[in-house]
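Have the sequence and the 3D view ready as you read.

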Amino acid sequence: MLESIPAGKKVGLKVKISIKAAVSAFIIALAVLLPQVVHLTLGAAGGVKWLPMYLPVLIGGLVLGWKWGLGIGILSPVVSFAVTSLIGNPMPAATRLPYMAVELAVFAAVSGLFSNAIVKNAWTAFPAVLLAEVAGRAAFIATAAVFESVSALSVETVWAQIQTGFIGLILQAVIVPFIVMALAKLTLSEKKGE
């Protein structure tokens, strides 16, 4: 979706990459800060229930496409872990980090596959988010199943976390498309104003 803004302005590749890198850095920063706010106000259980890191990651995939989204999905939990480890309270926990990186990478990559379609029809954001959520959660449980014998996370534990986070997924399935639709409207109005 973001690709459509500079395309009409005959902007070079370096500028396009710089724009996407800046937006990616902002989204990753949001993916680090939003969980901190949720954990401070609602506790650790709030994070599992509302899935605050997932919201910016989904938006990142939808806005930047699958390649940049994949990077955002992988980097968001890694950067969060690195930053929060410095203050003595790593989030996500080290045992959960690889699972979350896989899950969020799938979330962002799948939602990013719809990025160009959203430019043509912003309502496409709704199925994009739903498919990304299903694929991401499936990747989470599949990863747990594959590594269950060598990991602290069992399939049962993962399934319980998925059930707890269901309300957060539903909320994001509504909120994220409307955010992206607003961004798409801004993009289109900016293109018309050229």
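Start where two helices touch: Y54, L58 and L62 in helix 4 meet A128, V129, A132, E133 and R137 in helix 8. Here, contact means heavy atoms within 4.5 Å. By class, this contact of helix 4 with helix 8 has six nonpolar, no polar and two charged residues. In this scheme Ala, Val, Leu, Ile, Met, Phe, Trp, Tyr, Cys and Pro count as nonpolar, Asp, Glu, Lys and Arg as charged, and the others, Gly among them, as polar.

Before going on, a word about what you are looking at: this is a predicted model, in which local features need pLDDT of at least 70 and side-chain atom pairs count only at pLDDT 80 or more, while totals for chains, interfaces and linings use all residues. Residues are numbered from 1 along each chain as its sequence is written, and side-chain values use heavy atoms, with hydrogens and water left out. Helices (H or I, at least four residues) and strands (E, at least two) are DSSP runs, numbered from the N terminus.

**How the helices pack**

Two packed helices are described by the angle between their axes and the distance between the axes. The axes are lines fitted to C-alpha atoms, for helices over the stretch in contact, and the angles run from 0 to 180 degrees between N-to-C directions.

| Helix pair | Angle between axes | Distance of axes |
|---|---|---|
| Helix 4 and helix 8 | about 120° | 11 Å |
| Helix 2 and helix 4 | about 165° | 8 Å |
| Helix 2 and helix 5 | roughly 45° | within 9 Å |

Angles under 35 degrees count as roughly parallel, over 145 as roughly antiparallel, 65 to 115 as roughly perpendicular and the rest as oblique. Helix 4 and helix 8 are therefore oblique to each other. Helix 2 is roughly antiparallel to helix 4, and helix 2 is oblique to helix 5.

What is the handedness of the crossing of helix 4 and helix 8? That crossing is right-handed. Helix 2 also passes helix 4 in a right-handed crossing, and the crossing of helix 2 and helix 5 is right-handed too. A crossing is left-handed if the near helix is turned anticlockwise from the far one by less than a right angle, and right-handed if clockwise.

Now find helix 2 (residues 13–42) and helix 5 (residues 66–86) in the view. Residues of helix 2 that meet helix 5 include I17, A21, I28 and Q36, and their partners in helix 5 include W68, L75, V79 and T84. By class, this contact has 11 nonpolar, five polar and one charged residues.

Helix 4 (residues 54–64) also meets helix 2. There, K20, V23, S24, I27, L30, A31 and L34 in helix 2 touch L55, P56, V57, G60 and L64 in helix 4. The contact of helix 2 with helix 4 has nine nonpolar, two polar and one charged residues.

A128 lies in helix 8 (residues 125–147). Is A128 buried or exposed? A128 is buried, with a relative accessible area of 0%; buried means under 20% relative accessible area, exposed over 50%, and partly exposed in between (1.4 Å probe, protein chains only). Leaving aside its neighbours within four places in sequence, A128 is in contact with L62, S111 and F114. A128 and R96 are 32 residues apart in sequence, and their C-alpha atoms are 25 Å apart in space.

T143 is found in helix 8 as well. T143 is buried, with a relative accessible area of 14%, and T143 touches Y99 and V102, not counting residues up to four places away in sequence.

For a contrast, look at L13 in helix 2. L13 counts as exposed, at 62% relative accessibility. L13 and A93 are 80 residues apart along the chain, and their C-alpha atoms are separated by 38 Å.

**Two backbone details in loops**

Which residues does a cis peptide bond join? The bond joins M91 and P92, with omega about -5°. P92 lies in the loop between helix 5 and helix 6 (97–112).

L51 sits in the loop between helix 3 (44–50) and helix 4. L51 has a positive phi of about 50° although it is not a glycine, and L51 is buried, with a relative accessible area of 3%.
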